[in-house]
Amino acid sequence: MASEDKPTRASFSGHIGFVLASAAAAVGLGNLWRFPYLTSHYGGGIFVLVYILMAVTFGFTLLVAEVAIGRKTGKSCIRAFAELCYKYRWIGYVEMIVPILIVSYYMVIGGWVTKWFVLSVTDMSAVSSDPGYWWSYITGDIAGMSDPIIWFAVFAAVCFLCVYVGVDRGIEKVSRVLMPTLLILTGAIILYEMTLPDIWDGLVFYLDPDLSKLSAGTFLGAVSQIFYSLSIAMGIMITYGSYMRKQDNIEKAVRNISVIDTGTAILMGLMIVPVAYMFGFGDSKSMGLLFTAMPQVFQSMPGGAVIGPLFYILVLFAAVTSAVALLEAVVSQFGDWLTLRRHRAIVVSFCILIPLGLLVVFGFGPLMTDFSPFDQGAGWLGILDTLSNTIIMPLVAISTCLFVTFAIGVRSVTDEVESCGNRFRSKTLFTWMVRVICPVFLAIMLVLGLLDMYGVFTVY
């Protein structure tokens with residue numbers, strides 16, 4: 001079947017290309033949109049500390065496992081699991097659901113970012129003067145639902161075009177310019193925010209790991225964010241691993257990806273959470289911090305009329321790279337599953353994802369639902385996010401650990417890591433994590449998440 005795989009396969013130019021493309025898949029709205037509002041809700045500094053600890057243990061372990069499985073088989077998640085142990089092929093099918101659910105609402109949020117970039121150029125004062133502008137916009141109170149639909153369509157079209165061109169010619173090249181520029185601009189905005197007279201309390205909230213705020217919800221939120229931010233249990237890293245060259249060092253690449261993603265998340269949180277706290281958005285679980293707090297910063301800062309548009313265009317590019325990574329996983333999986341040429345797999349993906357995206361858009365308007373416990377106050381976006389991050393992704397991660405331990409053996413993964421000729425320095429940590437700690441802890445988090453959803457046990 002190798003010849004049939006080729007139309008859906010891409011490749012990276014080497015270690016740097018793999019790291020940049022994979023980091024671009026990880027660094028995106030998960031860092032800029034999701035991490036700040038979860039940090040704000042789950043106790044500030046204590047959430048940041050728990051997230052870092054979990055990133056260097058759980059995140060590292062699961063990333064190594066997925067990348068190794070992808071490179072060992074040269075296939076996306078469905079065929080990868082089937083090739084290594086056919087009776088466990090169902091893991092690939094379950095994993096395939098995750099990027100389908102996430103990319104459908106991710107493109108909607110990308111549409112919001114696109115709109116905010118345009119507003120930052122044309123009328124940022126209207127947004128910054130009314131903290132409720134974002135909610136009024138997405139619910140159609142300002143211009144009806146046609147405007148959110150248009151910007152969703154624009155963002156989706158860009159993503160499908162990038163996938164059609166290919167991740168090796170798209171994400172990798174853009175990332176070489178995008179990521180350093182985004183980090184430099186973020187640093188500049190943070191330096192300005194440090195001059196604001198009322199920023200200190202926000203800094204303490206963000207940086208002080210107050211143990212009194214530690215709860216089961218802190219761990220549950222951190223687990224969810226690890227999956228989302230590092231693109232774990234989505235099939236993305238198995239797909240990207242299948243593009244990786246045999247001579248490249250998996251352990252080194254995964255560490256680089258983890259450091260880039262975690263460092264970026266902390267920087268983005270430092271940029272958004274303290275100032276959001278200062279403007280009265282502390283302890284907020286609102287999805288709109290990126291769209292409500294930052295416009296007020298740009299409105300008040302010198303040169304904000306220039307910095308604001310530059311910031312949102314960079315956020316837009318980061319959103320595109322992550323969305324393209326999700327979309328690439330979907331296209332690759334459909335191509336492998338249905339044995340389709342790449343362009344046909346793209347068409348199939350389009351026919352499934354666009355209607356789901358429209359459902360999310362209308363979920364804030366005429367199709368708004370109160371389907372408790374899944375909506376979490378966010379309509380169909382909340383339903384899809386809860387299904388993917390609270391239920392399916394933990395199940396996939398647990399299943400992957402059990403698959404590595406009992407189906408193919410841990411040595412099968414560690415040998416793949418060492419096949420480049422370098423010693424796997426974290427082999428002992430990886431072995432204990434994948435065999436015992438990860439599956440047990442994630443099973444506990446899955447149960448707590450389900451109990452919390454149904455109101456049996458409140459985690460926070």
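A cavity, as the word is used in these legends, is a set of grid points where a 1.4 Å probe fits but cannot get out, and its lining residues are those with an atom within 4 Å of a point. All views show a predicted model.

**Figure 1. The lining of the second largest cavity.** Met-54, Phe-58, Leu-62, Val-223, Ile-226, Phe-227 and Leu-442 line the second largest cavity. Two elements, α4 (45-73) and α12, each give two or more residues to this lining. By residue type the lining of the second largest cavity divides into seven nonpolar residues, with no polar and no charged ones. The volume of the second largest cavity is about 30 Å³, and the count of cavities of 30 Å³ or more comes to two.

**Figure 2. The chain as a whole.** The secondary structure of the chain comes to 20 helices and zero strands, and buried residues make up 63% of its 460 residues. Of the contacts between residues at least 6 apart in sequence, 82% join residues that are at least 24 apart. The chain exposes about 16600 Å², and carbon and sulfur atoms supply 66% of that area.

Figure 3. Trp-112 lies in helix α6, which covers residues 90-122, and Trp-112 is classed as buried because its relative accessible area is 3%, under the 20% cut-off. When its neighbours within four places in sequence are left aside, Trp-112 is in contact with Trp-134, Tyr-137, Ile-138, Phe-291, Phe-364 and Leu-381.

Figure 4. Ser-258 has its place in helix α14, residues 250-278, and it counts as buried at 9% relative accessibility. Apart from neighbours within four places in sequence, the residues in contact with Ser-258 are Phe-60, Leu-63, Leu-230 and Gly-263.

**Figure 5. The salt bridge between Arg-71 and Glu-416.** Side chains of opposite charge can pair when their charged atoms come close. Arg-71 forms a salt bridge with Glu-416, and the closest N and O atoms of this pair are 2.8 Å apart. Arg-71 lies in helix α4 and Glu-416 in helix α19 (residues 410-418), so the pair ties together parts of the chain that are 345 residues apart in sequence. Both Arg-71 and Glu-416 are buried. The count of salt bridges in the model comes to 10.

**Figure 6. The salt bridge between Lys-75 and Glu-83.** Lys-75 and Glu-83 form a salt bridge in which the closest N and O atoms are 2.9 Å apart. Lys-75 is buried, with a relative accessible area of 14%, whereas Glu-83 is partly exposed, with a relative accessible area of 45%.

Figure 7. The side chains of Asp-415 and Arg-411 meet in a salt bridge, at 3.5 Å from N to O. Because Asp-415 and Arg-411 are four residues apart in helix α19, they are separated by about one helical turn. Asp-415 is partly exposed, with a relative accessible area of 37%, and Arg-411 is exposed, with a relative accessible area of 64%. Elsewhere among the salt bridges, those that share partners join Arg-71, Lys-246 and Glu-416 into one network.

Figure 8. With a relative accessible area of 2%, Ser-231 is buried. Thr-339 is partly exposed, with a relative accessible area of 35%.

Key. Residues are numbered from 1 along each chain as its sequence is written. This is a predicted model: local features need pLDDT of at least 70, side-chain atom pairs count only at pLDDT 80 or more; totals for chains, interfaces and linings use all residues. Side-chain values use heavy atoms; hydrogens and water are left out. Buried means under 20% relative accessible area, exposed over 50%, partly exposed in between (1.4 Å probe, protein chains only). On a 1 Å grid over the protein atoms alone, a cavity is a set of points where a 1.4 Å probe fits but cannot get out, and a pocket is an open set with protein on both sides within 12 Å along at least five of seven lines; lining residues have an atom within 4 Å of a point. Grid points are joined across faces, edges and corners, and a volume is the space filled by probe spheres set on the points. Ala, Val, Leu, Ile, Met, Phe, Trp, Tyr, Cys and Pro count as nonpolar, Asp, Glu, Lys and Arg as charged, and the others, Gly among them, as polar. Contact means heavy atoms within 4.5 Å. A salt bridge is a side-chain nitrogen of Lys or Arg within 4 Å of a carboxyl oxygen of Asp or Glu. Accessible areas come from the Shrake-Rupley method with a 1.4 Å probe; for residues, only the protein chains shown count as cover.
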